[in-house]
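Student: Hi! Could you walk me through this one?
Tutor: Happy to, let's take a look together.
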Amino acid sequence: MANNSLTGKEFDPSILPTEFVKLYGGESSSVSLFASPARINIIGEHIDYNGGKVFPAAINKYLYLAMRKRADSKIIYNDLRFPGTFEFDINDNFSYKKENDYANYLNGILSILARRGKKLDCGFEVLMCSNVPAGGGISSSSALECGFAYAVSELYGFNLSRIDIAKIGQQSEHEFMNVQCGIMDQFIIATAKENTAEVLDCATLEYEHVPLVLGDYRFVVMNTNKKRKLSDSKYNERRSECDKGLEILNKNGANLKNLCEMSVEKFEELKKYITDPIILKRVRHVVTENDRVNKAVSALKAGNLLELGKLLNASHESLKNDYEVSGIELDTLAETAQAQDGCIGARMTGAGFGGCAIALVHKDKVDDFIEAVQKIYTDKIGYSAGFFSCSSGNGVARLEV
């Protein structure tokens with residue numbers, strides 16, 4: 001998947017149509033250009049698949065995709081920064097193959113669209129490039145899925161709604177990539193609006209855009225630079241543990257559709273029935289994290305950034321100790337960040353086991369913050385982390401060529 005150093009030069013999307021014509025020929029006016037953002041999740045980790053509320057925001061890091069229909073039935077994928085071409089046909093019976101690398105994500109979308117009766121009447125060619133760090137925990141795969149689904153819908157007149165695009169992306173992960181992810185990543189990437197975060201009820205898909213007013217503070221994304229793939233992590237194991245917890249609670253009168261229906265108070269009343277200490281910890285994280293999301297939304301609406309920061313810190317502690325998805329790299333980043341002057345809160349974000357953490361830092365302290373955290377991280381881990389401050393971004397969109 002397309003990658004870029006967090007500290008390196010940003011890719012300029014305006015050159016993509018020109019590069020497309022160099023590769024495929026024709027005129028740049030025949031090329032359509034699309035952008036799909038990365039995201040951070042401010043708070044609400046590992047609860048989307050437990051029917052909880054999450055609080056993500058799209059950020060101004062994008063995957064860019066140039067695309068054009070062909071006269072034949074051939075499909076061609078290329079990435080500007082990665083050598084190698086993937087070729088298929090619209091009549092292929094797509095299946096996951098490891099050697100197809102990032103093309104699996106694209107073929108997965110086509111497979112789901114076909115099952116929904118959305119048939120392509122001709123082939124197409126694609127050229128991509130990205131400012132989204134791959135495997136970094138800010139959802140590079142979902143940016144790819146949703147950006148591609150939106151582009152196909154626009155080019156072939158499928159008129160998919162943004163919520164449909166999110167659902168198709170999730171369905172592709174489940175059925176094609178065999179990753180039982182929640183819907184948060186795809187949903188925020190498809191529906192985001194600049195200058196807002198989005199509180200999403202993953203059980204009902206009801207959502208609300210909340211003004212993201214940070215005043216003198218900025219989110220800083222901190223990449224462990226540890227390679228991680230979601231499908232290789234213990235993601236599915238954690239999901240199974242949550243299912244076991246739900247089953248135990250329901251056998252003892254909880255009557256829950258999902259864990260996040262349970263209040264903290266009800267959990268305290270019923271937790272005695274969960275005798276497995278591991279399952280107990282997993283359920284405690286889910287219930288308390290959902291409570292923290294509600295409190296974080298209220299804090300942001302009230303402009304209480306100090307309270308938001310405290311909730312970020314509490315979230316990381318729960319993810320470290322109760323859900324056990326952080327690791328030494330993420331713990332070093334988050335805990336070092338929390339100790340820095342000008343930082344009011346930090347936590348891991350994403351699936352964990354590597355990837356990224358986020359910190360809420362005063363704008364005048366960002367440079368000193370990065371320097372201090374980098375030094376401690378490098379000394380302890382043995383290699384450097386990546387850092388960038390970010391602002392909010394829009395969801396998937398068509399750009400003017």
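Tutor: One term before we start: a residue counts as buried when its relative accessible area is under 20%. Keep in mind as well that this is a predicted model.
Student: Thanks. So is valine 152 buried or exposed?
Tutor: Valine 152 counts as buried, because its relative accessibility is 0%.
Student: Which helix is valine 152 in?
Tutor: Valine 152 sits in helix 3, which covers residues 140-156.
Student: And what is valine 152 in contact with, leaving aside neighbours within four places in sequence?
Tutor: With those neighbours set aside, valine 152 touches Met67, Leu110, Leu113, Leu120, Gly157 and Phe158.
Student: Let's zoom out. How many helices and strands does the chain have?
Tutor: The chain has 11 helices and 12 strands. Its radius of gyration is 21 Å, close to the 21 Å that the globule rule gives for 401 residues, so the chain is as compact as a globular protein of that length.
Student: What does the C-alpha trace span along its principal axes?
Tutor: About 65 × 50 × 40 Å.
Student: Back to burial: what share of the chain's residues is buried?
Tutor: Buried residues are 59% of the 401 in the chain. As for the surface, the chain exposes about 16300 Å², and carbon and sulfur atoms supply 45% of that.
Student: Last one, charges! How many positive and negative side chains are there?
Tutor: There are 47 positive and 53 negative side chains, and the centres of the two sets are 2 Å apart.

Methods: Residues are numbered from 1 along each chain as its sequence is written. This is a predicted model: local features need pLDDT of at least 70, side-chain atom pairs count only at pLDDT 80 or more; totals for chains, interfaces and linings use all residues. Side-chain values use heavy atoms; hydrogens and water are left out. Helices (H or I, at least four residues) and strands (E, at least two) are DSSP runs, numbered from the N terminus. Buried means under 20% relative accessible area, exposed over 50%, partly exposed in between (1.4 Å probe, protein chains only). Contact means heavy atoms within 4.5 Å. The radius of gyration is taken over C-alpha atoms; the globule rule is 2.2 Å times the number of residues to the power 0.38. Accessible areas come from the Shrake-Rupley method with a 1.4 Å probe; for residues, only the protein chains shown count as cover. Lys and Arg count as positive and Asp and Glu as negative; His and the chain ends are not counted. The place of a charge is taken as NZ of Lys, CZ of Arg, CG of Asp or CD of Glu.
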